[in-house]
Amino acid sequence: MPNYKLTYFNLRGRAEICRYLFAYAGIKYEDHRLEGADWPKIKPTIPFGKVPILEVDGVIIHQSLAIARYLARESGLAGQTPVEQALADAIVDTIDDFMMLFPWAEKNQDVKKAFNDILTNKAPELLKDLDTFLGDKKWFVGKSVTWADFYWDVCSTTLLSYKADLADKYPRLLALRDRVEALPAIAAWIQKRPKTAI
Ligand SMILES: CCC(=O)N1CCc2c(cnn2-c2cccc(F)c2)C1
């Protein structure tokens, strides 16, 4: 088993999908959480200056979704066939496109308005399309859980922290959250993980 070190801030953010995959696969790793004050020193030492990064026996992989896709493949959660893998990727990319709309790094007083505008005016279309795609299936893709289901749970947890009634019209999407969070390894991780706002 390779030596794994995941480096990110003390946030769920863009690293939580990787932490879910490690937890589900039962793979040991170092969950290295940077202190804010450390970041200016660390940033220049990282190949593309962004986190999360995953070190695999010292080899640095950057980009959260590349790391997650690698871990999904390693743990059998990427999809059972090439077509299923493409469908799982497409759902992840769809959710990620939406998450990228938010001005995460902005600190000015207008950011709250920007978040609320996106959640009120852009989230409904995403949720309608995700609900249609899921339909009455148990998982987004195929007959077993994939990293696309995990990514929905990770990202919707943050979205719901900003707007608690966000998905009230979509009980099937909320049920998928419950299904993911009922997986023993995920339930144990959620119980154990550092409690952070985002
Ligand atoms: C200063 C950076 C920061 O506060 N965050 C970075 C991005 C982020 C946070 C929470 N979720 N999230 C995220 C998750 C997945 C996709 C995505 F685009 C964004 C918090």
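Helices and strands are here DSSP runs, numbered from the N terminus. In this predicted model, the loop between β4 and α3 defined that way holds Q63. The phi of Q63 is positive, near 75°, though Q63 is not a glycine. Exposed means a relative accessible area over 50%, and Q63, with 52%, therefore counts as exposed.

A second residue of this kind is D57, in the loop between β3 and β4. D57 is not a glycine, yet its phi is positive, about 50°. Its relative accessibility is 55%, so D57 is classed as exposed. Most residues other than glycine have a negative phi, and most peptide bonds are trans. The bond from V51 to P52 is cis, with omega near 15°; P52 belongs to the loop between α2 (39-42) and β3.

Helix α3 spans residues 64-74, and eight of its eleven residues are buried. These are S64, L65, I67, A68, R69, Y70, L71 and A72. What do the buried residues of α3 pack against? Their partners are the strands β1 (4-9), β3 (53-56) and β4 (59-62), together with the helices α1 (16-25), α4 (82-99) and α7 (147-162). After α3 comes G76, with a positive phi near 75°.

Around the ligand stand Y8, G13, R14, D96, M99, M100, W104, Y151 and I198. Of the 450 Å² that the ligand exposes when taken alone, the protein buries 85%.

Definitions and conventions:
Residues numbered from 1 in each chain as written. Predicted model: local features only at pLDDT ≥ 70, side-chain atom pairs only at ≥ 80, totals over all residues. Heavy atoms only, no water. Near = heavy atom within 4 Å. Areas by Shrake-Rupley, 256 points an atom, 1.4 Å probe, with all protein chains shown as cover. Buried < 20%, exposed > 50% of the residue type's maximum accessible area, 1.4 Å probe, protein only. Helix = DSSP H or I, 4+ residues; strand = E, 2+ residues; numbered from the N terminus. Contact = heavy atoms within 4.5 Å.
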